[in-house]
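Let's take a quick tour of a protein model, one topic at a time. Have the structure open while you read.

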Amino acid sequence: MLEARSLNQLSGMPDEVVSSIITDPALRSCIQCGTCGGVCPFGYLMDYPPVRVIAALRADVFSKVFTSDTIWMCVACSMCSTSCPAQIPLTADLMSRLKEEMILQGSVPEELQTALENSQRYGNPLGEASRKRADWTRGAGVPVPIFGKDVTQADVLWFVGDYASYHPRALRASQALARLLRLLNVDFAILGNEESSDGDSQRLAGEHGLFELLAEKNGRVFKKYKFKQIITTDPHAFNALKNEYPLAGISYPVQHSTQFLYERIDQLKPFLRREVKARVVYHDPCYLGRANGIYEEPRALLKAIPGLTLVELPHHHKTSLCCGGGGGGMWLDGFQWEKSHTRLSEWCVQEALQLKAGVMAIACPYETPRFEDAIKIVSHTDGLAIKDVCELLLESVGTES
Amino acid sequence: MKILVPIQLVPDLVEELVIAQDGKRLDLDATRWIISEFDDHAIEQAILLKEKIGGEVTVIAPDFEGTEDVLYQALAKGADQVVKLSGDFQSELNTHALARLVVHYLQTKSERPDLILTGVQANSSLDGSLGPLLAAYLDLPFVDCVAQTEIEDQKITVRKEYPGGLTADWSVALPVVLGIQAANTPPRYVPISKMRLAMKTGSIATEEVGELDLSGAVDSTRMYTPEADQRAQMIDGDVDQVAEKLVALFKELGVL
């Protein structure tokens with residue numbers, strides 16, 4: 001074990017983070033099998049994958065871990081945690097704490113720093129004005145009520161999330177869901193500019209304090225209104241609301257939009273009149289699938305679309321390949337490119353092409369922009385389209401409904 | 001070594017800018033304030049120098065909405081003292097008046113700083129930047145557009161940028177005022193935990209400001225958003241057709 005003196009030298013700050021790592025009893029059960037580094041999509045580029053971090057800890061050379069910046073290759077995809085035979089919570093615990101310590105030491109890649117600063121100041125990592133958070137509703141084609149402005153209570157609070165609110169491509173899936181909810185006569189409302197980032201990716205990028213700040217902000221806003229449950233299209237927001245917010249006393253029933261729609265599939269089916277003739281692969285988002293076990297609902301929705309043929313990617317369900325956007329990866333594109341000269345999103349697109357898929361269906365707002373960008377780089381991608389499950393459902397409904 | 005960093009808050013351009021009723025200035029009540037980007041670099045440079053040779057960093061700012069957050073952040077980065085100039089001037093402060101406030105603050109102190117670092121410019125300054133005004137009032141040497149600062153034996157070497165991609169290294173004896181364009185490394189990140197610690201343990205000194213002397217400001221006659229005069233014209237066709245149309249257009253405009 002390290003002495004207190006060297007701990008102080010490591011961080012120059014209260015050494016809670018480092019000591020919480022070195023005294024973590026879970027790490028003692030590590031059998032040094034190396035599975036974590038092997039299954040990690042970027043493990044081959046990491047100087048210290050989890051197995052070596054724990055080895056360094058045991059060899060009393062823990063400070064060496066912080067001499068390498070390859071920890072920032074971790075996309076928090078949970079492959080290591082779900083594969084670990086000792087069931088050590090490597091992603092949420094060890095890796096995010098290492099990143100936290102890196103941040104406290106001031107070793108933050110510049111692009112990630114900008115996203116974190118934006119999240120602090122504007123409540124979203126994109127650096128958009130909060131007053132613009134509900135601008136996407138103008139193109140929805142149906143009314144989207146806003147809590148505080150139009151209503152004070154509704155059955156469903158729709159937590160829209162950052163990318164689904166602001167990203168010009170990702171917000172089209174939000175517009176599609178708004179139409180589907182109208183079609184199903186769901187009594188829903190969004191929070192508009194009162195909503196802040198869910199903070200989950202910032203947490204997994206190591207900024208635990210920022211996560212708490214954002215969770216508190218959202219918690220205060222939730223309290224102002226009456227609703228029975230929360231839904232969201234964003235698996236990261238879903239993960240935060242389901243697993244992390246309750247630890248801070250912010251606890252509401254929450255469903256991912258695909259779960260919510262699946263529960264109403266009988267009501268939805270009669271509207272799915274148009275054939276969508278396409279060979280479709282479905283990409284499991286890490287924080288819907290691996291982290292939260294939701295695999296079948298999105299698939300069932302896709303199978304309900306007439307004409308659609310669903311095929312499985314080589315990596316699917318538990319072994320799904322991360323799009324590269326998690327754990328801060330969304331804001332580390334340049335950094336990770338410099339280290340790897342590849343993008344995980346390109347690997348995913350290549351897998352879809354092997355299967356001659358016409359559509360890659362997704363259920364996460366990070367993924368449309370990531371995979372569409374990948375298509376621009378990978379060659380021979382003619383005809384492969386990236387579509388959110390909600391967009392495909394709406395295509396089958398048709399626009400006149 | 002004593003380092004003073006006078007900073008300003010400027011309108012945040014991410015937010016909406018509203019023109020006031022009189023049509024001559026921004027509606028400052030509707031404005032959200034943010035630290036001027038170059039002042040952020042000035043703070044960073046001050047902290048970097050302190051980390052290298054020791055000393056004491058004081059950051060001073062007029063009291064706008066948001067100033068306290070900026071000052072706590074400076075404490076979290078490593079500033080030793082932060083000072084808020086308190087007064088009702090959010091709606092009328094100009095750079096000349098701010099320079100006089102800083103000079104007045106220094107006159108009340110027994111010790112003068114060895115080094116004054118200011119941002120090279122601020123997006124709200126219509127009446128010039130702060131650095132040269134301070135240097136003139138204090139009768140100190142001044143170097144502007146500084147993109148790198150090194151210090152050894154009370155002697156500062158700065159890299160000044162010139163237009164056209166030229167740079168020059170200057171040696172300056174202390175005390176001196178520097179207009180910082182960029183710190184040696186970009187401003188550091190302040191984690192929320194460090195920010196909260198600074199808010200809990202740090203304190204902001206408040207200096208009351210008397211009557212403002214606003215002379216030297218620029219008189220603005222009208223403020224307006226850019227007005228579209230003519231729209232861009234798209235030229236259709238294949239490469240040859242487009243080239244032909246372009247040549248005809250250039251001839252018509254008299255540039256060919």
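In which order do the strands of the open sheet of 4 strands in chain A lie? The order is β6-β5-β7-β8, with parallel pairing. (Strands are DSSP runs of E with at least two residues, helices are DSSP runs of H or I with at least four, and both are numbered from the N terminus; two strands pair if DSSP finds at least two bridges between them.)

This is a predicted model, so to speak a computed one: local features need pLDDT of at least 70, side-chain atom pairs count only at pLDDT 80 or more, and totals for chains, interfaces and linings use all residues. Residues are numbered from 1 along each chain as its sequence is written, while chains are lettered from A and ligands numbered from 1 in the order in which they are written.

**The sheet in chain A**
- β6 (308-311) and β8 (385-388) of chain A are the edge strands, each pairing on one side only.
- On average, neighbouring strands here are turned by 35 degrees against each other, direction ignored. (Axes are lines fitted to C-alpha atoms, for helices over the stretch in contact, and angles run from 0 to 180 degrees between N-to-C directions.)
- Strand β7 (residues 359-362) of chain A runs parallel to β8(A), joined by 4 bridges, and A:M360 stands opposite A:I386 in β8(A).
- Helix α19 (residues 389-397) of chain A packs on the sheet and touches β7 and β8 of chain A, with its direction at about 90 degrees to that of β8(A). (Contact means C-beta atoms, placed from the backbone, within 7 Å.)

**Two crossing helices in chain A**
- The axes of α17 (residues 344-354) and α18 (residues 367-377) of chain A come within 8 Å and cross at roughly 75 degrees.
- That makes α17(A) roughly perpendicular to α18(A) (the label covers 65 to 115 degrees).
- Among the residues that meet are A:C348 and A:V349 in α17(A), and A:F371 and A:I375 in α18(A).

**Strands in chain B**
- β4 (residues 56-62) and β5 (residues 81-86) of chain B pair in the parallel sense over 5 bridges.
- Getting from β4(B) to β5(B), the chain passes through helix α2 (residues 67-77) of chain B, in a right-handed β-α-β crossover (with the strands pointing away from the viewer, the path from the first strand over the helix to the second runs clockwise).
- B:V83 in β5(B) is the bridge partner of B:I60, and B:V83 also stands opposite B:A205 in β11(B).

**Where the chains meet**
- 11 residues of chain B are in contact with 18 residues of chain A.

How values were computed
Contact = placed C-beta atoms within 7 Å. Parallel < 35°, antiparallel > 145°, perpendicular 65-115°, else oblique.
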